[in-house]
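Hi there,

I am passing a structure on to you, together with some notes on what turned up in it. Please open it and keep it beside you as you read.

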There are 2 protein chains.
Amino acid sequence: MHTLEFTADTTSDGVLSRDFVLGDIPGVLWSGPDGPGRAPLVLLGHGGGTHKRAPAMSGRADLLVKVGGFTVVTLDAPGHGDRPRTATDDREVAAMQAAMAAGEPVGPLVGPYNADIAARAVPEWRAVLDALQQLPGIGADGPVGYSGLNMGTAIGIPLVATEPRITAAVLGQFWPETVAHFARRITVPIEFDLQWDDEHIPREAGLALFDAFASTEKSLHVNAGRHKELPRFEADSATRFLARHLHRAA
Amino acid sequence: MHTLEFTADTTSDGVLSRDFVLGDIPGVLWSGPDGPGRAPLVLLGHGGGTHKRAPAMSGRADLLVKVGGFTVVTLDAPGHGDRPRTATDDREVAAMQAAMAAGEPVGPLVGPYNADIAARAVPEWRAVLDALQQLPGIGADGPVGYSGLNMGTAIGIPLVATEPRITAAVLGQFWPETVAHFARRITVPIEFDLQWDDEHIPREAGLALFDAFASTEKSLHVNAGRHKELPRFEADSATRFLARHLHRAA
């Protein structure tokens with residue numbers, strides 16, 4: 001078992017972000033300037049093609065730390081950020097780009113490719129969570145939430161389904177085919193985002209995935225607009241949702 | 001044209017509520033303890049079978065005044081609260097109750113009955129808004145929003161469609177048949193609530209009504225649960241939505 005090693009610290013606008021590696025998994029731990037301080041932990045998963053410090057991640061991490069009072073972890077998913085891309089990654093990404101350029105549906109390509117990434121990413125998240133909970137500043141018994149859309153949901157659904165330490169999750173913007181069987185095992189509170197005019201994910205597909213969760217507390221937020229037009233206020237809403245569930249548990 | 005007459009003042013927990021009548025329309029104006037003070041105005045419509053001071057109304061009015069910084073108006077809809085019930089009202093209500101008791105769909109009864117109430121209620125809301133805007137404490141040029149679910153939506157949709165002073169609205173929990181043609185004329189920002197396990201309103205019906213709005217900014221909030229189980233946090237969300245749009249305009 002590897003030990004988590006911190007490699008660099010940055011403080012920006014009141015948020016301390018500490019780069020770390022656990023074996024060959026690079027990540028960032030985001031907290032208030034004085035460190036985690038036993039705040040509840042949010043695992044924040046990035047979307048396809050981005051990485052642990054992409055603007056959507058640093059923006060959401062800022063909100064979660066400063067407004068939500070959380071400690072946040074981001075990781076580079078397999079084939080993303082600082083991690084090597086395999087020939088399979090290159091081939092799959094090229095196939096998705098070709099389908100988009102041709103106006104063909106990408107769901108049948110993204111679903112299986114992201115399931116393959118998730119099969120590697122889920123044990124990585126669990127190993128990082130194990131390692132983080134051994135740090136004295138975090139502790140083994142605090143509440144843990146998950147937040148991730150798009151590929152962050154393709155990874156998040158099997159992760160939440162199999163990781164009992166996660167007790168609330170923000171998910172959304174994915175197709176049901178490769179993940180609904182995991183969603184049916186999830187009973188923790190869920191906030192789920194969809195775009196009503198998503199050019200990639202048909203409405204019925206998005207609604208079917210929301211329907212699949214076994215959670216008695218689940219909320220669906222649909223907004224007018226295309227795939228990439230998720231309104232910024234949904235990041236605020238996600239922060240409030242996680243605060244409602246994780247601080248109550250703390 | 002009638003003049004708005006205030007008949008009684010109550011102050012409770014920091015909110016001043018002033019009963020008024022405009023002709024035979026009874027209403028309540030809710031504000032901070034010092035009066036409206038040119039805060040943006042929210043017209044708050046009650047559901048079927050309730051009234052201008054029902055707990056759902058006073059609770060939402062409290063939030064809108066204290067958290068949202070609004071002045072709020074509630075009215076007794078025709079056949080509700082302090083207003084006379086006609087033989088038609090009695091017959092329609094009895095038919096709905098019989099259908100519910102028999103486990104039959106109520107939408108085919110509620111839709112037309114509420115459309116009839118709305119035809120009377122819409123000009124009443126507009127007359128009350130005219131009268132309120134002549135009060136020096138409110139003024140004729142401030143932003144105006146609408147919020148109402150169930151019958152409050154049956155009245156709210158034709159009201160928002162025909163009243164250009166209303167620039168944002170919270171609606172939800174209704175069938176499309178009798179109101180979708182008005183919804184198609186609405187272009188202002190909308191927040192729309194549905195219950196995923198509503199025993200009266202089928203999912204497809206609720207989603208079809210959300211789809212009908214022509215608004216480029218519209219958000220759908222669906223929660224797990226039955227018709228009457230709308231979570232309380234949706235009242236908080238409605239307050240934030242109205243604040244985002246009406247205070248920006250102020």
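Below are notes on a pair of helices and on a strand.

This is a predicted model, where local features need pLDDT of at least 70 and side-chain atom pairs count only at pLDDT 80 or more, while totals for chains, interfaces and linings use all residues. Residues are numbered from 1 along each chain as its sequence is written, and chains are lettered from A and ligands numbered from 1 in the order in which they are written.

Let's start with the helices. The axes of α2(A) (residues 87-101) and α3(A) (residues 107-133) come within 9 Å and cross at roughly 160 degrees. That makes the two helices roughly antiparallel (angles over 145 degrees count as such). Where do they meet? E92(A), A95(A), M96(A) and A99(A) of α2(A) are in contact with L109(A), V110(A) and Y113(A) of α3(A) (C-beta atoms, placed from the backbone, within 7 Å).

Now for the strand. Six of the six residues of β8(A) (residues 190-195) are buried, so this strand is largely enclosed by the rest of the structure (buried means 20 or more other C-beta atoms within 10 Å of a residue's own, with C-beta atoms placed from the backbone). On one side sit I190(A), F192(A) and L194(A), and on the other E191(A), D193(A) and Q195(A).

β8(A) pairs in the parallel sense with β7(A) (residues 166-172) over four bridges, and with β9(A) (residues 218-223) over six bridges (pairing needs at least two DSSP bridges). F192(A) is the bridge partner of L171(A), and I190(A) stands opposite K218(A) in β9(A).

Happy exploring!

Notes. Axes are lines fitted to C-alpha atoms, for helices over the stretch in contact, and angles run from 0 to 180 degrees between N-to-C directions. Angles under 35 degrees count as roughly parallel, over 145 as roughly antiparallel, 65 to 115 as roughly perpendicular and the rest as oblique. Two residues are in contact if their C-beta atoms, placed from the backbone, lie within 7 Å. A residue is buried if 20 or more other C-beta atoms lie within 10 Å of its own, exposed if 12 or fewer, and partly exposed in between; C-beta atoms are placed from the backbone.
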